[in-house]
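Subject: Structure for your attention

Dear colleague,

Please find the structure below, followed by an account of what was found in it.

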Amino acid sequence: MTTSVLALPATVGYYEPWWIQIIKAIVIFAVALNLVPVVLLVERKLLGRFQIRYGPNRVGPYGALQPLADILKLLTKEQFRPRTSVGFLFALAPTISILTAVAAFALIPFGNVQSIFGTRVGLYGVDLSIGPLYLFAFGAIAFYGIMLGGWSSGSKYSFLGAMRGAAQLISYEVSQGLALVGVIMTSQTLSLTGIVRAQGGMWYFIPQFVGFVVFLVASFAETNRTPFDVTEADAELVAGYNTEFGGGRFASYYFAEYLNVLVVSGIVTTVFLGGWLMPFGIHPPGWVDPIVVLTKMSFIVFLFIWIRATVPRLRYDQIMSLGWKVLLPLATANALVTAVLVVVTH
Amino acid sequence: MSAVIFFVAAIGAIAGATGVVLIRDPFFSVLSLVGHLLSLAALFLLLRAELVAAVQVVVYAGAVMVLYVFVVAYVGGEEATLSERLRGSGPVGQGLRAGAVVVGVAILTELLIAMLGTGLEAIHKDGAGYVPGPHAFGTPAYIGQLLLTRFLLAFEIASFLLLIAAVGAVVLAGRMHEHAEPEQARVGA
């Protein structure tokens, strides 16, 4: 099913025979699966440093095996579920979250079309003519992961968390989409590889600075990270929408959250930070491309953690007024000004 | 492969649509509608209408249905189904039921005319072929061009209608806010 979905939509640039697409699907999933524990460990270590303590340092050298121990602990736990919960939705909701996160990861281009052992392979899961719209489509489905998880738990805390999450997701998705419109108009393409190629002259975070900031802030809200984590708000809601989840199902939500952070960093890298391009006109050989992308992504991930350690959680009404009264007008103005500039300069 | 996906999506679409009508709990009714819309998006993908598929998911499954889920989850489940509630409400209910039958038959006739008149001609043909390139059939560029040239009037009217709706929503919300003001002040004090 995965391969057919990948093979179906027409790719803009180049697209490979079916067996390469299967291999790519597996490789991308493996990369995503292995990046998440790394991000987890880095976050806990960095949070420790920010709070003047060590962070995990018992399991393995420098605590490097801590995520592995956590995963093992979670997976061997009992699959508990409350009596008031709705059985099949309770089991389904975390899989929706994880599925949409992995599907969105397929969009991030890690490099140009390369020649590997004589076959031409694009270093991305799929290069769609609808680009960011695919991302928003899966973002829309991801909403059901949180919403159904909270509703089917049959608990008030979970329900409130899910409702807050739902309102927050719809509010910020608008600004997130509008922030990208400026980039799309400047590059004149929806294909993410096309957007990267259009940044040969200048990375878009300079001419599209307003769009960059709005997209970044909206992405923090979309991934439910601090300062926008009222869906989980442990001071008021125990753990929000995933209060009743334990064991493997909680691990799924956890995994999806960190994978979403990675996806958002990848999209920011691709759209605003020039993807696999190097600054100052350096053109390295093709195998460097993924390293460049991962380096830029790790900067954004660091920013995520830095802000988590620095900024306190916003109140729910503050989040709503920030989204609708600040970010949305900014994003709209940015799109309008860009539209005028594009018409004038062409 | 496309035949398999077609039948999976088609069965999903029909099952979702019947589920909306038959399921008692409104929350599951809404979820079944979401399933129906997602299956339709898969069918659009088979027809090489990528943009339409993405818009289908973003707008309907992502925005419209979210509001439905919101309302149903907050308000909670009604015990009786729609038809049961209509049955018990006297002459108004009877009128509504008769009206529903008339409207249902009218829509069915219209659909059948449309389908038998045109749709079945294409049933033995293949869909639009795969053409790489940014301006191929079904891509955003192609649809955008159509919207701003051939269907410009309809496009502008639709956008105007949406603007009116948005302004109306703001006006209504503002009026509610005026009424709610003294109460809020009391809570604050």
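How many salt bridges does the rule find across the interface of chain A and chain B? The rule finds zero there, a salt bridge being a side-chain nitrogen of Lys or Arg within 4 Å of a carboxyl oxygen of Asp or Glu.

This is a predicted model, in which local features need pLDDT of at least 70 and side-chain atom pairs count only at pLDDT 80 or more, while totals for chains, interfaces and linings use all residues. Residues are numbered from 1 along each chain as its sequence is written, chains are lettered from A and ligands numbered from 1 in the order in which they are written, and side-chain values use heavy atoms, with hydrogens and water left out.

The interface

In chain A, 28 residues are in contact (heavy atoms within 4.5 Å) with 27 residues of chain B. Between the two chains, about 2500 Å² is buried (accessible area, 1.4 Å probe, lost on putting the two parts together, summed over both). Carbon and sulfur atoms give 81% of that area. On the side of chain A that touches chain B, the elements giving two or more residues are α4 (87-105), α5 (132-152) and α6 (156-187) of chain A. The largest share, 10 residues, comes from α5(A).

Confidence in chain B

Over residues 183-189 of chain B, pLDDT stays under 50. Where pLDDT is low, the predicted coordinates should not be read in detail.

Yours sincerely

How values were computed: Helix = DSSP H or I, 4+ residues; strand = E, 2+ residues; numbered from the N terminus. pLDDT = per-residue confidence, 0-100.
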